Each structure stands twice: as structure tokens, then as C-alpha cells.
Amino acid sequence: MWKIDLESSKWVTFIVFWLFKNVSCNSVAQKIYVELNNTVPCVRLLNATHQIGCQSSISGDTGVIHVLESEADLEWPLSKGPNPPYMVLLESSLFTKSIMMKMKNASSRVAGVVVVPKTSPREFSPHTTCPNENTGRRISNLAHCNQTVWNPRGNGLSYEEFDFPVFSLKEDNETEVIKQCYFDHNRVVNGSGPQYPLCAMQLFSHMFAVTDTATCMRRSNIDFSSSPVMVCDPLGGYNVWAFIRPYNSTAFGHKENESVVIAAARLDSRAFFLQDSTGAEGSVSGFVTLLAAAQALRQATQEAPPTRNILFAFFHGEVFDYIGSSRMVYNMKNNKFVIDLDNVHSILEIGQVKTLRSGSNLFLHSDPVSRRNNTVDDEVTNLVNNLHSSTAGLNFSFVESGFSQPLPPSSFQRFLRARAIPGIVLADHQTAFNNRYYESFYDNAAHLNLTYPSNLSPEEQLEFVTDTAKSLTEVATAVARALFKQAGGNDSQVNNINADPKTVTQMLYGFLVRSNNSWFQAVMAPELKDVLREHSATTDANALTYLVQYLLANLTGTATNLTQSQCKKPDELPNESTYVYSYLWVQGMVPPNSTQRESFCVRTAVRRVMAVSPAFDLGDYVSKEYSTWTESQRKFIKARIFLVASRDLEMMTLGVGVAVLFTSLLVTYFVSTKADVLFSAVREPANAAY
């Protein structure tokens, strides 16, 4: 019999504790799984009537990896393959509507899709053929693209619903790891199936919201606990705006004897993968042009103020049924903005303005319905004439589109929906969009011909004036001159108004190539430096609106001598007022031979305000007047690969495990019932005689 004393048990405890503390061991999960950390998921969006997008099951979806090399290869995962469901990996050239719909219709054999963005196809637009067709101008014979199909390349893929997850891979190394795993374990040879173990992938992207916006908002408002779970969030962001002569920001409503010209552009874009959109031509070309025009007007409007005010407005959420412009129009109609619609004299909107060749044209679109009013028509004609005369000495011309041509999708439509206002939408297309990649992740820097010599460092690229920058500088110059004339400015000042090509090239580089550069760092607040990234800034809506706010402030505002503490509390000073101005403390540049930034305070008329659809203020989640788009909340996003054994081996392993379990239970029971015999202590007599 064994005799266990107290001293022995102490030594056993010490040894076990030492082993746990000092012997390092890898997690079993780390040995089984290879985590994929650079992925972007397709998410679920909802509106008043339905849901779109993608999601996984609550526990994630798992499938055997199959690399699609051509459309003919679909036969294997959809019908012939013996190991469904499959996780299909395909390059961007095969990411088409026809292939995706075939997989959707055979979703029982498809666990998910992973897209590898490589070379751009000749054309690709997952948007609809008629963007925002239900929330624009309400004229039956002009609505729904009855006369002009604006986006004929649109295949509507972004508006389909898939009941399996779809991810985009962003890291080449991870792509190679997946492909190597496939070639080592899964590749079909001579039509015969691969042998186990097989390489599999698991995707997690379970979405909380279902059905439509009304359903998810109702569920979000149910208070089950002290901290209710949000099922979905309204889409939107922030509008950025500024007047050249600021008004008191707390005095809402009509301004007597005030007339305002609005210069507008949209900020946002989208793609099938919502977080993977850059919108180079779709949005960046327009708002960069307007920012450059605002800078060009700064000196002229200070030296010889025009009789009318100018409002620079940058709208966010426009791709989702004009969220930003609807918000401004709603506020103007309900005395929640510093002016009302009666103060609006005219509107000039900058749309898609891709690089121009010498001698090429930009087109001026107006609303044929409102121009039936003679007063509106006269003012539109005046604006057109101002634009024509502003191109003197420049290498392009403005051309009016046909008088009966409908207005293209634009923020201006939301203003016209409320009131007949003279206005022009400036764009690079006369009828259908020229943009071959409208609202897709291929609408990027390369599509805008933003190229740099290979021997330049990042900071040298920042300063390099590209042909694209030169082209947009000319457009910005013409826009600034036309706005000055439209606002009643003195003609003698017009030729002195010129946009700066260096500013334009820096903005294009920062928004489309690398936002974490020295210029963007200098114009931002110290506490916002984390919004700057090593890649395009337009993929992050929050970063984008902050950058536009601070850029517009630096380009149009005034550097002051206020200290940082004074900049935070300017109302304590006699000649400063936060009711009229915003005060932004920015990092400033690092001087040569120094490591300290020269920070300063900017006094500006720029405001950054929430842009959420009025439907959510009104609680009208089935509204036909305003956008009702929401985005589903989700627990987490994750992707990983691993080797999976055959079903027979898994069942055998399970069987052995169950057998071991029952055997151990029997042994435990036997030992327990015989414990008094097996573990009885033998006590020796105290006075044993030998």
C-alpha cells in the first residue's frame, strides 16, 4: 500500500505549480488555425422595404476552399465537387454579377466567397443603372431614368442579398498562404477529387438586423436591460459647410436682404464592400475641385466682397438617397439652419470631373422643368454665361447639355424637390456617366490617372504636381471665377482668381494615396492625428469629414495669435465669438532643423454638423420622402483557415473519445466503490517490539 504524507503532497503541489509557471506552450487554437487579419466584409444594409448585403450564420460559415480560375470552374463547387459546401476564392476579374448570382442560386453548396482585388476589369459598376431614382426630382416623365440611363454599366450587384458571407482580402501575403494551402491539399487533378486532409476556411460576419429598417429600429428601441443592444444604426455622417461672410450660428431662419449662392459637392462614395470605397472620380474629383475653388476665392472676397454671400456645402450620405442634402433642405424648411430656402439665390454643384485633355469639354446640366419659369430660366442663363466667360485663358470649355436633358443624379435635385431654384450641375458627361467604375472599389487613384515617378519618396510624391492636379486646378479656377461673378463680385477682380496646383496635388495625394503625410498632419488637430492613415482617407467616413473640415478651415480661415488655451475658450476674449466662428487648434509644420511643430489657432467659418436622414427624427421608418437606410450591427468580423479531416476520421475520433469517456467513468466508479480497500492507511503500533 502507498503511504502519502503531508510533506510529499507539498512537493507534488510545488512541482505542478512550477511546471504551469515556467513551461511555455502554444495554444491549441494557434496550432490549428491561421488567422486572416486584413479582410473587409460585405455587410447588411436595410431600408424601408427590404435588406441587402451579406452575412454568415451566428457560429460562422465553414467550407472547403476552391480557387476559381475561370467561370467554367464553377461546375466543381456548384455540382461535381464531393466535399460541399465550398468557400470560393476568386480574383476580381471573376467577381461579376453572373458568377455571383449562380453561386447565390446554389447557396446550399457555397459557404462563402472571398474576393482578391487584383487588376481592374475593363468596366465594373455594382451600383444600379439609375442611382437614387426614388428620392430625386418628382417629375414622372423625367424620373426613373425614363429619358437617360445614367449608369448603363450598373449591374445592381451591391443591391443584392446573399445568405452567405462575402469577404475581400487586402493582404497579398495572406492571399498566397490561402492559395498555397489550396494547391497543397485541395487542387483537383485530372478530374479526381483531392484526398483528406483538406484546406478549409471559416468566415464570421453574423448581422443582428433583419427584414427592414422599421423592424430593426423597433427592436433597437426595446429596452430589455439597462444597456439595450442596438440592432442597426442609421446611415449618414457629417456635412461640412462654410459661408464667406459667416452668420450667427444660433440665429436660425430667414435672413432679411440676404442672398446666397450655394457651391456644393458630395463627399461620400460606396462599393460592394462598404469600407473599401475611394470614389476617385465619383466624389473626390468634385470636392477637391470645390476646396481649391474656395481657397482661390479667399483673397478676392476679402479685398472686394461680392454683394451676395457664398455657401460652400459638402454633403455626406448622398449615395444613399441624398442623406446630407436632404438634411440641409429639411433644416432650411423648418427654421433649423442659419438661412432658409428663400435666401438661396442659385446653386452650382460640382459632380464627376475626371482629368481633362486639352481642348476637351465639361458639361452644364440644368433642370428643364424649373426653367419653364422665366425668372428661373433667366438666372440659369446668367449662371451659364458666367461659367462660359470664366474659362478665358484655360484649356477647356463649358458646354450646355440639351435643354430637354433631365438633371443627372445630384444633390441639387433635393433642393428642386422643395422649391424651384436656378442651378447648374457641372460634370464630365453629357448623357450617361463616363465613369467606368461608378461606385466600385476600382474607382481609385489609378483610375484618375494619379501616377508618380518611381524614384520619388512619399514626401516628394506629395509635392509632385500631376497632370490630374493641373487639370482639376483649371476647373477649380473656372468654378471660383464663376462663383465670384454669380455672387455679384467686381469683374476687375476676376482675372486675379486662380486655384493653386500645389494645393490640388497635395489634396489628391492625401485623399487617394496616403493621408498620413506632412501636410495633412500640419492642418489637423493634435488629438485627431490618429484619423490619418497610410492609405486613402476616403475609406473612413469619419476621417474624411474631419479632413475636409480642417482643410477648408485652413484654406479659407485666418491664422490667429491665440494660445492653445485661448483657442479652446475664445468667448472669454473681447473680440472673439464662437457664435460666428469656429476656433481650431492645428499642429502646424515642423520647421527645418527643428523637431517641434509650430502649432497655431485658426479662426474659421467652417462648421461640421451631423447629417442623418430626417426620417429618423420623424420616426417615419417607411418614409418615401427621405432616406431610410440603416446598417446592421454585428458582433465581430473574423476569417481563418485550417485543415479539416474526413468525415469518417472525425466520426472514428468521436467514437474513440466516447469510448474513452465511458471507460474512464467505469474506472472512476470502480475506484470510488473500492476506495476503502485501495487507499486504506496502514498504521504501525506505537510500541512495536523487534
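Hi everyone, let me start with a pair of charged side chains: E123 forms a salt bridge with R153, and their closest N and O atoms are 3.2 Å apart. Both residues sit in the loop between β7 and β8, so the pair ties together parts that are 30 residues apart in sequence. E123 is partly exposed, with a relative accessible area of 33%, and R153 is partly exposed as well, at 26%. Please keep in mind that this is a predicted model.

While we are in that loop, have a look at N151, which is also found between β7 (110-116) and β8 (161-162). Is N151 buried or exposed? Its relative accessibility is 0%, so N151 counts as buried. Leaving aside residues up to four places away in sequence, N151 touches S125, H127, T128, T129 and P131, along with F433 and Y438.

Back to the charges. Side chains of opposite charge can pair when their charged atoms come close.

K179 and E91 meet through their side chains, with 2.9 Å from N to O. How accessible are the two partners? K179 counts as buried because its relative accessibility is 15%, under the 20% cut-off. E91, at 29%, is partly exposed.

Next, the side chains of E439 and R266 form a salt bridge at 3.0 Å, N to O. This one links distant parts of the chain: E439 is in the loop between β18 (423-427) and α11, R266 is in strand β13 (residues 260-266), and 173 residues separate them. E439 is buried, with a relative accessible area of 3%, and R266 is buried at 14%. There is also a network, in which salt bridges with shared partners join K97, K104 and E160.

Now for some helices. Helix α13 covers residues 501-512, so to speak, and its 12 residues reach 16 Å from first C-alpha to last, close to the 16 Å expected at 1.5 Å a residue. How many of the residues of α13 are buried? The number is 10 of 12, so this helix is mostly covered. Among the buried ones are V504, M507, L508, Y509 and F511. And what covers them? The list includes α7 (280-303), α11 (458-463), α12 (467-486), α14 (518-523) and α15 (541-556). At the start of α13, a side-chain oxygen of D500 comes to within 3.2 Å of the backbone nitrogen of K502.

Which residue caps the N-terminal end of α6? That is D212, with a side-chain oxygen 3.4 Å from the backbone nitrogen of A214.

Last stop, the surface. M651, L654, V658, L661, F662 and L665 form a nonpolar patch there, with about 580 Å² of accessible area together. One of these residues, F662, lies in helix α18 (residues 647-673).

Terms used: Residues numbered from 1 in each chain as written. Predicted model: local features only at pLDDT ≥ 70, side-chain atom pairs only at ≥ 80, totals over all residues. Heavy atoms only, no water. Patch = residues over 30% accessible without salt bridge, like charges linked within 9 Å, V, L, I, M, F, W, Y side chains within 5 Å. Areas by Shrake-Rupley, 256 points an atom, 1.4 Å probe, with all protein chains shown as cover. Salt bridge = Lys/Arg side-chain N within 4 Å of Asp/Glu carboxyl O. Helix = DSSP H or I, 4+ residues; strand = E, 2+ residues; numbered from the N terminus. Expected span 1.5 Å × (residues − 1). Buried < 20%, exposed > 50% of the residue type's maximum accessible area, 1.4 Å probe, protein only. Contact = heavy atoms within 4.5 Å. Polar contact = N/O pair within 3.5 Å; in protein donor to acceptor, adjacent residues only side chain to side chain.
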